[in-house]
Amino acid sequence: MSYKIAIDAGHGGKDPGAVANGLQEKNITLYIALEVAKILRAAGQYVILTRDTDRFIDLNSQRIPIADVSVSIHVNKSPSNISGKGKGLETWVSLFNQPTKSRELGQNIQDSILKHISFHNRGLKTQVNSQGNADLLYMLRKPKGIAVLVECGFIDSPIDSEILKSENNLKKIAQGIASGIIQYLVKEVIDVALEQWMIDGGRTALKYLEKQGLILNAPEWSKEEKLGSATPQYLTWMMLQRLDEKIEKKLK
Ligand SMILES: [Zn+2]
C-alpha cells in the first residue's frame, strides 16, 4: 500500500498566519507537517511537502501537487471581538471535491488527533463560496486528491496555546494526523477487497491484498489451515468491522 500524500504546512515566510501568546501559526504548522511526513514515510508512503522550510508560498499550484490525498495543516484564531474565547480542534472537509471521501478522511483525522490530545472537539466543518458552487477554502477546492484541512486548536486560547507550546504535543498531533490518514487508506484498500470478495470468494481479493502489502503469499491464504493464524484473523476482523460500518451507514 503506497499512496501519494501531499502535506501542506499552512502559511510561511512573510505570512506568519495567526499570531498570539508568543506563538506563530507558520512555525507550528511546519513542525507538525515535518513530523507527519516522517511518520508516513516510515510507513512506506510517498509524501510531498509543499514546504519544508520557513518560506512563503501563495495559494497557487505549488500548494496542490498531484497526490491521492491532500492534508493542509493550520492553527485557528478567534475574531478580535471574541479574542481568546474559541478553543478546540476542527477539521474542514469538502462539499464538492470527492465529498464522501473527504468527510471520511476528515473524521478519521479528527478522531485520531483527539485520541492523542484532549482538545475540545469542534467536529467537522464545511463552507460554500458566495456563489454556492464550490468550497470556500482553496485547500479544499483545488487539490486533485481527497482534501481536508485541519485547524489544530486556537493560538489565542489560553488552553490551546499551552498545548501548542510543547513540542511533545505537536508530535502527538502529528501522530494523530498520520494515523488518521493511514487508517483511512487501509479502509479504502479493504473496501476494494470486500467488493472483490463477493465475486469469487476471496481469490481476487487475496491477490489484491498481497499486492497492497497487507498480506504475504496470497495462494497460501486461501488454504484453510492458514486462515487460523493471527494476521488473517486480524484482517478478517477489519473487513467485518468495515462491512458493519457500511451496513450501519445504509440503515441510517
Ligand atoms: Zn491558517
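This is a predicted model: local features need pLDDT of at least 70, side-chain atom pairs count only at pLDDT 80 or more; totals for chains, interfaces and linings use all residues.
Residues are numbered from 1 along each chain as its sequence is written.

Now α5, residues 167-200. Helices here are DSSP runs (H or I, at least four residues), numbered from the N terminus. α5 has 34 residues and reaches 50 Å from its first C-alpha to its last, close to the expected 50 Å (1.5 Å times one less than the number of residues). Just after α5, Gly201 has a positive phi of about 65 degrees.

Next, the partners. The axes of α1 (residues 25-42) and α5 come within 8 Å and cross at roughly 50 degrees; axes are lines fitted to C-alpha atoms over the stretch in contact, with angles from 0 to 180 degrees between N-to-C directions. The contact (C-beta atoms, placed from the backbone, within 7 Å) includes Ile28, Tyr31 and Ile32 of α1 and Leu170, Ile173 and Ala174 of α5.

α2 (residues 99-116) packs on α5 at about 140 degrees, with the axes 7 Å apart. Among the residues in that contact are Leu105, Asn108 and Ser112 of α2, and Ile173, Gly176 and Gly180 of α5.

Ile173 of α5 is in the contact with α1 and in the contact with α2.

Note on methods. Helices (H or I, at least four residues) and strands (E, at least two) are DSSP runs, numbered from the N terminus. Two residues are in contact if their C-beta atoms, placed from the backbone, lie within 7 Å.
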